[in-house]
Amino acid sequence: MSESVTMDKIVSLCKRRGFIFQSSEIYGGLGSCWDYGPVGVELKRNVKNAWWRSMVESRGDSVGLDCSIMMHPTVWRASGHVEGFSDPLVECKVCHMRWRADQLDKPACPSCGGELTEPRNFNLMFKTFMGPVEEDAAVVYLRPETAQGIFVNFENVVTTTRKRLPLGIAQIGKSFRNEITPGNFTFRTREFEQMEMEFFVKPGTDEEWYRYWAGERFKWYLDLGIRAENLRMREHEKSELAHYAKACADVEYLFPIGWSELEGIANRADFDLTQHAKWSGKDLSYFDSQTNERFIPYVIEPSAGADRSVLAFLVDAYREEDVEGTTRVVLKLHPSLAPVKVAILPLSRNEKLTPLAKEIHERLSRNFVTEYDDTQSIGRRYRRQDEIGTPLCVTVDFESLEDNQVTIRDRDSLAQIRLPVARLEEALKAKLAGESFDAGSLWAGARA
Ligand code: GAP
């Protein structure tokens, strides 16, 4: 993490440029709920698409699923959430602030020093009622993880896809937890999105697959530009393991709040399918026709947070650079994550420049996510594009009308090259694919 990054700077940039807004802001906001603005929604979609591409589309051994948020209440009895998905809650007898007992250093209220109550277990699942009658029989929960929708559909997926083990089933979707102490912007919220894969394997091969997934998931963040020094893997102690886990490792990121969990990779063994078989009365075993064996598959689960990943990508990309005596704020996002890939900026809003600039924009927008901007000075427009992480800007000036050439400006190096409009697409594609700005014949000698 760059030393100059603080959570306040990230929150401020997100609000200023339209990444993330406080939910219901005009009413004073709703605690721990956030809305993604026009560029934030693009960034988040790009993160989710990169995950889906790597976990589903580019693999032959996994498929996707999209389950309902509300599920049969017995699901949460079988999974252990009704019984055990709770945190120890204490309340200050003086100011009535509530705290997680396991996160306190002292037996006094951190806010006012008052005496605290004895801890009681507080279940983190949100409860509501299905249908018009608010009675116990109608209680349903908002899912606290997407994983259970995958387990209860295991048989449906195997039967309909006729796929064999090892088999991954992936899902991206909202989860809800009534966290006692949410906070740190989108790091811990009560409504968030998860990107989860349950990877079903033959017992005995689980440890190998567990190591495989820990390695793959770590690499995914590096491939998308997270700096290696800000990422680490932490294996859980036996005493830390969740009730379902045989082993667990966290991918941790160095957030401004310190090293914190980004994603967990767990070996859930046969816990979930065994539990659902028991509670539903259905046989959830798998028959391996090649070896004539029947068994309950083991599960390796890489479970990531979409919002937390977005936050990590924002923090990691954030730089403050000194450029000719002024500070430039720039998001050096990986091109595949950047909300806008190419900005088309006529030098000014001049009636002579507009037709050519609009024509270029129209052409480029067929192949790239683009933005056309002719408001304010060119300097301010570059600043905005830097702050939303746009890798390339195309500038159309008065000379362009004469020589049919335009200038491309590189976000990271600030290098500018001038080239014929006819070669623009080719050049932009090469650059977005990672080619260095002035490498190769395309760029040779073209630097302005
Ligand atoms: N199915 C396993 C599971 O849900 P988890 O460690 O509780 O495991 C997985 O959650 C990931 O979901 C976390 O690593 C984190 O990225 C994200 N996550 C969990 N609780 C969150 C919260 N309150 N706010 C934002 N993200 C959260």
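Here are some friendly notes on this predicted model, point by point.

1. **Ground rules.** Residues are numbered from 1 along each chain as its sequence is written, and side-chain values use heavy atoms, with hydrogens and water left out.

2. **Confidence.** The average pLDDT of the chain is 94, and 97% of the residues score at least 70; pLDDT is the predictor's confidence in each residue, from 0 to 100. Residues 444-448 fall below 50, and this stretch has 9 contacts in the model beyond near neighbours in sequence. A contact here means heavy atoms within 4.5 Å. Where pLDDT is low, the predicted coordinates should not be read in detail.

3. **The seven-stranded sheet.** An open sheet of 7 strands runs in the order β3-β9-β10-β16-β13-β12-β11, and its pairing is mixed. Strands (E, at least two residues) and helices (H or I, at least four) are DSSP runs, numbered from the N terminus, and two strands pair if DSSP finds at least two bridges between them. At the edges are β3 (62-64) and β11 (231-235), each pairing on one side only. From one strand to the next, the twist averages 25°.

4. β11 pairs with β12 (residues 247-255) in the antiparallel sense, over 5 bridges. Within this pair, L231 is opposite Y253 of β12.

5. Helix α6 (residues 154-161) lies across β3, β9 (167-176) and β10 (191-201), and runs at about 140° to β9. Angles run from 0 to 180 degrees between N-to-C directions, with axes as lines fitted to C-alpha atoms, for helices over the stretch in contact. In the loop between α6 and β9 you will find P166, which is joined to L165 by a cis peptide bond with omega of about -5°.

6. **The three-stranded sheet.** A further open sheet has 3 strands in the order β5-β4-β6, with antiparallel pairing. Its edges are β5 (98-100) and β6 (120-123); each has a single partner strand, so one side of each is left without a neighbour in the sheet. Neighbouring strands are turned by 50° against each other on average, direction ignored. β4 (residues 86-91) and β5 share 3 bridges, and E91 has R98 in β5 as its bridge partner.

7. **Two helices packing.** Helices α2 (residues 38-57) and α9 (residues 306-317) pack at about 110°, their axes 10 Å apart. They are therefore roughly perpendicular to each other, a label for angles of 65 to 115 degrees. On the α2 side the contact uses L43, K44, V47 and K48, and on the α9 side A306, D307, S309, V310, F313 and L314. These residues divide into 6 nonpolar, 1 polar and 3 charged, where Ala, Val, Leu, Ile, Met, Phe, Trp, Tyr, Cys and Pro count as nonpolar, Asp, Glu, Lys and Arg as charged, and the others, Gly among them, as polar.

8. **A hairpin and positive phi values.** Antiparallel strands β17 (residues 318-323) and β18 (residues 326-331) are joined by 6 bridges, with E320 opposite V329. Their hairpin has 2 residues between the strands, and E324 takes a positive phi near 45°. S24, in the loop between β1 (20-22) and β2 (34-36), has a positive phi near 55°. Most residues other than glycine have a negative phi, and most peptide bonds are trans.

Technical notes
This is a predicted model: local features need pLDDT of at least 70, side-chain atom pairs count only at pLDDT 80 or more; totals for chains, interfaces and linings use all residues. Angles under 35 degrees count as roughly parallel, over 145 as roughly antiparallel, 65 to 115 as roughly perpendicular and the rest as oblique.
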